[in-house]
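Okay, thanks for coming, everyone. I'd like to walk you through one model today, so let me put it on the screen.

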Amino acid sequence: MPKMYGWVREVVPESPADRAGLQSGDLVRTINGKLVRDLVDFRFYAADEDLLIGFDRQEAQREVHVKKGIDENLGVLFGEEPTPFIRQCANKCVFCFLKGLPERYSPQPGMHQGMRASLYIKDDDYRYSFLFGNFVTLTNLKELDWQRLDEQKLTPLYVSVHVTDPDLRRKLVIGPRAGEIIEHIQRLGSMGINCHTQLVLMPGINDGPWLERSIRDLLALRPIVESISAVPVGLTKYNNMIENEGLPPLRAYTVDEANAVIDLVEGFQRELAAEDPDGLPFVYLSDEWYYITNREFPPAQHYGFYSQIENGVGMTRFLIDQWAKTKRRLPASMPEKQRVALVTGTMAVPILEGLAADLRKIENLDVQVLPVINQFFGDNVTVAGLLCGQDVLAALQDRASAADLILLSRVMLDNEGVRFLDDMTVEEFKERLAPARVEFVRNAQETIEAVRSIAGIGRGNDRRLVRVQSRL
Ligand code: SF4
């Protein structure tokens with residue numbers, strides 16, 4: 001693949017690009033005379049109805065006119081963005097998840113091969129924030145980036161605030177202009193760009209009065225700020241905080257501390273929901289808080305449009321409700337004895353036990369929930385999305401022979417669905433567990449379809465169903 005953006009991997013048949021003669025292997029350089037630097041440029045310039053596309057084919061430069069509807073996709077799929085073009089972060093956050101990760105391709109004793117390369121990229125790229133909802137700190141924006149944001153109105157962005165107090169944010173984020181977050185958000189607003197924000201909370205560091213002030217400061221920035229989420233810090237055995245200007249050591253939330261955070265945020269939520277015409281609370285707690293404290297998850301109305309679901313805000317409620325709506329599709333019985341294993345991180349066990357209780361009503365079906373302890377990142381890490389193939393395999397190997405169907409969350413894999421975090425391939429994983437059938441599912445519907453398929457009914461995994469990734 002050429003080391004630049006614009007290489008066409010695939011042209012969708014019958015699309016405007018296909019009709020105009022674009023082919024896989026072409027290198028799109030310009031649209032209507034504008035250089036296509038990346039996917040954002042492509043989407044921005046390709047939105048017009050009349051396009052003059054400049055491209056290279058076998059080292060010859062060509063141009064083609066394309067006519068399309070304003071809402072019609074051009075029909076060009078690109079190869080992956082080459083890594084050197086991803087904007088890397090300029091920070092040294094005290095809680096950075098990547099801190100201290102073992103070196104790639106230097107496996108620890110008993111490890112598979114090292115870790116997925118993309119895990120080592122400290123991306124802080126506003127373009128990915130716009131395209132995929134990645135959170136960014138805004139500390140690495142240069143004047144040209146601000147100009148581009150203004151020109152292309154990339155809204156909304158997803159912004160990691162953590163704390164609004166300038167001195168404390170400087171100490172936590174340790175990056176250029178880290179203390180200017182309020183000014184940065186105001187500047188976005190002056191360009192007509194809004195943002196969803198997150199506060200990663202650390203006990204005794206930026207919660208309590210800091211949290212209260214952060215919420216008040218961000219509320220004052222409405223409507224530029226569209227939502228606030230509070231998320232507990234993710235602690236692995238690698239990212240223990242280095243000494244930094246007298247901050248307390250990094251540690252996990254106790255149940256009492258998590259309850260205090262919930263109480264503080266719920267105070268705001270009540271006030272804000274009462275003022276909002278749709279009753280939305282504006283400030284959200286990620287699901288982990290409810291797991292830590294064993295409190296009930298709020299109802300679906302609380303989450304509105306689930307604007308931060310990819311950040312773990314409302315995923316569990318979404319899953320519970322989706323399951324309740326679709327479980328009537330479960331078969332009443334299996335034609336013969338079948339055994340299903342639901343594999344997950346330790347956090348989601350109570351929820352998966354609820355799903356398993358429904359599955360156990362199916363005649364001839366034996367169901368087990370198998371929690372996997374995260375040996376690689378440490379047992380503090382309880383979400384399924386950070387499980388490595390080696391840990392899942394080790395947890396399953398003795399028990400795999402006791403299951404005909406093993407269901408795992410798709411969130412354990414990369415975007416392409418072929419590798420775990422530790423580079424173990426799905427192919428190898430499946431081979432090691434054969435003859436058990438292994439399925440990676442994204443949501444309640446795919447789980448139900450997989451169960452239906454072993455009853456000899458249904459379509460297997462229907463990819464057209466709602467695609468909301470679950471971390472559970
Ligand atoms: S911005 Fe993200 S990747 Fe960069 S140091 Fe902070 S936590 Fe790590």
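First, the housekeeping. This is a predicted model, so local features need pLDDT of at least 70 and side-chain atom pairs count only at pLDDT 80 or more, while totals for chains, interfaces and linings use all residues. Residues are numbered from 1 along each chain as its sequence is written, and side-chain values use heavy atoms, with hydrogens and water left out.

Of its 472 residues, 53% count as buried. Buried here is under 20% relative accessible area, exposed is over 50%, and partly exposed is in between, with a 1.4 Å probe and protein chains only. If you take contacts between residues at least 6 apart in sequence, 69% of them join residues at least 24 apart, where contact means heavy atoms within 4.5 Å.

Now some helix pairs. H7, residues 209–219, packs on H8, residues 255–275, at an angle of about 25°, with the axes 11 Å apart. That makes H7 roughly parallel to H8, the cut-offs being under 35 degrees for roughly parallel, over 145 for roughly antiparallel, 65 to 115 for roughly perpendicular, and oblique for the rest. The axes are lines fitted to C-alpha atoms, for helices over the stretch in contact, and angles run from 0 to 180 degrees between N-to-C directions. Who meets whom? From H7 we have Leu 211, Glu 212, Ile 215, Arg 216 and Leu 219, and from H8 Val 261, Leu 264, Val 265, Phe 268 and Leu 272. The residues of that contact split into 8 nonpolar, no polar and 2 charged. For the classes, Ala, Val, Leu, Ile, Met, Phe, Trp, Tyr, Cys and Pro are nonpolar, Asp, Glu, Lys and Arg are charged, and the others, Gly among them, are polar.

Next pair: H4 (143–152) and H6 (181–190), at about 40° with axes 9 Å apart. Here Glu 143, Trp 146 and Leu 149 of H4 meet His 184, Arg 187 and Leu 188 of H6, which comes to 3 nonpolar, 1 polar and 2 charged.

What about H15, residues 444–454? It's mostly covered, with 11 of its 11 residues buried. Among them are Glu 446, Glu 449 and Arg 452. The cover includes helices H11 and H12 and strands E12, E13, E14 and E15.

On to single residues. Phe 429 sits in helix H14, residues 426–433, and at 0% relative accessibility it counts as buried. Beyond its neighbours within four places in sequence, it touches several residues, including Gly 389, Leu 396, Phe 420 and Phe 440. Leu 393 is 36 residues away along the chain, yet the two C-alpha atoms are 7.1 Å apart.

Gly 204 is in the loop between strand E9 and H7, and with 53% relative accessibility it counts as exposed. Its C-alpha lies 9.4 Å from that of Arg 251, 47 residues off in sequence.

Last, which residues surround the ligand? They are Cys 89, Asn 91, Cys 93, Cys 96, Lys 122 and Thr 137, each with a heavy atom within 4 Å of it. That shell divides into 3 nonpolar, 2 polar and 1 charged.

That's my tour; over to you.

Terms used:
Helix = DSSP H or I, 4+ residues; strand = E, 2+ residues; numbered from the N terminus.
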